[in-house]
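Thanks for coming. I have one structure to go through today, so please look at the screen and follow along.

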Protein chains: 2
Amino acid sequence: MSLAHAILGVVEARPMNGYELARFFDAHAGWVWSAPRSQIYPQLRNMEDAGLITAERQVRGERLERRVYSITAAGAAELREWVSTPFDTRSKRDALLLQALYFDVVDPTVAVAVLRNVIDEQAAIARSWASHADQLRRHNTPLLKERLKRRPPTEHERIARIKAHVFDAGTALAQARIAWAEEGIRILTAGPDDAIAAE
Amino acid sequence: MSLAHAILGVVEARPMNGYELARFFDAHAGWVWSAPRSQIYPQLRNMEDAGLITAERQVRGERLERRVYSITAAGAAELREWVSTPFDTRSKRDALLLQALYFDVVDPTVAVAVLRNVIDEQAAIARSWASHADQLRRHNTPLLKERLKRRPPTEHERIARIKAHVFDAGTALAQARIAWAEEGIRILTAGPDDAIAAE
DNA sequence: GCCATACCTGTCAATAGAGACAGGTATGGC
DNA sequence: GCCATACCTGTCTCTATTGACAGGTATGGC
């Protein structure tokens with residue numbers, strides 16, 4: 001399951017508790033991988049049971065404790081193994097494309113409104129991904145700084161470039177979707193005359 | 001749920017039984033939306049209970065029956081409603097990007113091998129999507145032919161263009177991923193000298 | 001007539017994921 | 001001292017999704 005590997009990659013940078021992880025997935029990794037709290041806490045327990053992470057338990061008050069999780073050697077090995085494994089990249093579901101596939105059953109103006117919404121959302125995504133890639137290239141995100149502390153300085157530039165390049169993908173894919181939606185609007189707004197003229 | 005709407009869009013073209021739908025999702029719609037048999041059969045029952053589709057039951061042998069489902073007026077209304085609704089297009093999970101995010105923990109040659117696999121797979125996807133878009137533009141797929149029988153001829157060209165444009169998206173996104181993976185290989189194979197030289 | 005194959009419909013168990021609900025703890029500002 | 005807020009860990013229920021398993025029916029080729 002990918003959530004486990006997403007968590008392994010984060011705690012590999014620095015130890016975190018469930019709350020921090022949940023906030024991190026909301027704020028940052030949510031762009032690449034998202035998960036609700038109700039999935040994170042049980043997942044951490046499972047990973048602890050599996051020996052992929054260890055918890056340092058800190059007592060808080062009378063009943064609560066805070067568990068700060070660190071990656072274990074087994075966890076690091078599992079992460080390397082998973083990252084090394086080529087897997088099926090064929091996307092199995094795309095709700096946006098499914099919706100567009102049936103645009104012929106609604107009024108063109110309605111479909112155009114849906115596509116305009118797509119363009120606005122994807123433009124916002126492209127901006128925030130580009131901004132994050134830029135921050136990474138400047139070695140300027142909190143988690144990257146923590147991560148680099150544990151790596152030799154000669155590797156720092158390379159690591160930052162690898163991370164930034166992932167967010168470049170988000171930008172490029174968002175821009176591809178925008179271009180596609182714009183072309184879709186042209187197709188939907190072309191009248192029957194245009195269609196015949198274009199034959 | 002999107003599976004229900006994927007099914008509605010297919011049976012809107014022509015009535016089908018569960019087996020045909022399962023094969024269709026494997027062969028064609030699987031590119032946009034996939035589902036195993038074990039999800040399709042219960043889903044059809046639910047949709048029948050909800051009045052979105054109706055089944056014509058044909059007896060086969062002593063114990064089996066074949067159920068051929070057609071869309072109802074309520075189902076067609078539900079499909080139009082769903083297609084008209086702008087929804088959140090921010091992708092919540094991308095296993096490929098998650099994997100690439102942690103390429104720094106493995107040997108570059110391993111990461112490059114993963115990316116080469118991505119390129120091969122995405123190239124195959126781009127080819128088959130482009131081919132399908134071409135077939136649609138020629139009004140040459142079985143389901144499109146069925147679908148057009150129920151629409152006025154003046155609409156045929158428009159409908160074919162809308163469908164084909166969805167598969168253009170698949171091609172464009174696959175090509176964007178290929179370009180991204182190729183750039184990733186360049187970053188991974190660049191030595192420390194290159195990195196310094198590029199500063 | 002037999003058999004391989006395609007046709008046809010399901011069940012079951014397990015995991016993943018979403019969203020609502022529940023409740024205790026520390027701290028800074030008033 | 002009180003209270004709002006952020007910190008912190010969970011449970012519960014429902015639905016989605018997967019993969020394995022189960023089994024009956026029609027048909028064309030040998």
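I start with a phosphate contact: a phosphate oxygen of DNA strand D is 3.2 Å from an N or O atom in the side chain of R23(A). I call that a polar contact, meaning a pair of N or O atoms within 3.5 Å; within protein, one must be able to donate a hydrogen and the other to accept it, and residues adjacent in sequence count only if both atoms are side-chain atoms.

Before going on, two notes on the source. This is a predicted model, in which local features need pLDDT of at least 70 and side-chain atom pairs count only at pLDDT 80 or more, while totals for chains, interfaces and linings use all residues. Residues are numbered from 1 along each chain as its sequence is written, chains are lettered from A and ligands numbered from 1 in the order in which they are written, and side-chain values use heavy atoms, with hydrogens and water left out.

Back to the DNA. For Y41(A), the distance from a side-chain N or O atom to a phosphate oxygen of DNA strand D is 3.4 Å. Which elements give two or more residues to the surface near DNA strand D? They are α2 (18–27), α3 (37–49) and β3 (64–71) of chain A, together with α3 (37–49) of chain B. Helices (H or I, at least four residues) and strands (E, at least two) are DSSP runs, numbered from the N terminus.

Near means that a heavy atom of the residue lies within 4 Å of the strand. There are 21 residues around DNA strand D, and R45(A), R66(A), R67(A), R93(A) and S38(B) come nearest.

Now the domains. Chain A has domain 1 (2–84) and domain 2 (95–197), with bounds from an automatic or database domain assignment. How many salt bridges are counted between domain 1 and domain 2 of chain A? The count is two. A salt bridge is a side-chain nitrogen of Lys or Arg within 4 Å of a carboxyl oxygen of Asp or Glu. E12(A) and R151(A) form a salt bridge through their side chains, at 2.9 Å, N to O.
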